[in-house]
Amino acid sequence: MLNGKTAIVTGSTSGIGLGIARALAQQGCNILLNGFGDRAAIDALTAQLAAEFGVDVAYSPADMSLPEQVSAMIEQGVQRFGAIDILVNNAGIQHTAPVEEFPREKWEQILAINLSSAFYAIQAVLPHMRRRGWGRIINIASAHGLVASTHKAAYVAAKHGLVGLTKVVALETAPSAITCNAICPGWVLTPLVQKQIDDAAARDGIPIDQARMKLLAEKQPSLDFATPEQIGSVAAFLCSTAADQIRGASISVDGGWTAQ
Ligand code: NAD
């Protein structure tokens, strides 16, 4: 379905981003991976994806908290592959604390990585997509882009902002074959969520398994995690022709979280 196309997936060395990179590669899409981690492990991942799916895979170590590195990553992708057809803004971090105690540097960092990087990447990639007359921009927001929880001021603000940015870009690209949508996952068991489970277990003095069930029971009526593979499949669907007229949407994959 995506043979010969190229995607940049930010934050794809782990978790949901990796699930999306795999799902797009499975459709024949070349991939520019991005994110942090051990360089040897990332090189192995790059080679493994290329071999498994027979696509061209490269890596950018760009730091999504730095605007110049975000735009440089897009240019690197264009140089390397000749075009960027699909941009998935996925890189994200979390920090939890009550508003009065929320560290200012964490606020700035979360806004930069979870929201501003998407703006800078979209700004850099759109001229290339317009030139080719086709594109897909997918922003990985969250259930927290639609509703709030306590102790997540920066994350909820950034994700609501990302949903808003998605709508504006969708409107500005509406007369073209470029679409922009958001995916809003509920709980997905990745390192980002495992840390919250570990913290809760330590705080409440309960076993990890119990903390995991408690986390689900609080928010996610299905009482089950969504998987990176499922989010990847939704991203691949948004790249298909079936999704040509899905524009500015926020697609929930949240086990019923926001239906409540
Ligand atoms: P994760 O921690 O497994 O992966 C995060 C990725 O982002 C990693 O590859 C990491 O290296 C990269 N990253 C972090 N800071 C970066 C930076 N400054 N520059 C470049 N890359 C950076 O987390 P995840 O759960 O897979 O989260 C991915 C996205 O999905 C995030 O935007 C997150 O907010 C969102 N999300 C996650 C869940 C969930 O339950 N896991 C739910 C809703 C939304």
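Two strands are taken to pair if DSSP finds at least two bridges between them, and strands (E, at least two residues) and helices (H or I, at least four) are DSSP runs numbered from the N terminus. The model is predicted, with local features requiring pLDDT of at least 70 and side-chain atom pairs counted only at pLDDT 80 or more, whereas totals for chains, interfaces and linings use all residues. Residues are numbered from 1 along each chain as its sequence is written, and side-chain values use heavy atoms, without hydrogens and water.

Seven strands form an open sheet with parallel pairing, in the order S3-S2-S1-S4-S5-S6-S7. Strand S5 (residues 135-140) and S6 run parallel and are joined by six bridges; Ile-140 stands opposite Ile-183 in S6. Helix H5 (residues 153-172) packs on the sheet, touching S5, S6 and S7 (contact: heavy atoms within 4.5 Å). The direction of H5 makes about 160° with that of S6 (axes are lines fitted to C-alpha atoms, for helices over the stretch in contact; angles run from 0 to 180 degrees between N-to-C directions).

Two aromatic pairs were found in a search of the whole structure (rings of Phe, Tyr and Trp, the latter by its six-membered ring, with centres within 6.5 Å; planes under 30 degrees apart count as stacked, over 60 as edge-to-face and the rest as tilted). The ring centres of Trp-187 and Trp-257 lie 5.2 Å apart with planes at 45°, so this pair is tilted. Trp-187 lies in the loop between strand S6 (178-185) and helix H6 (191-204), and Trp-257 in the segment after strand S7 (250-253), 70 residues apart.
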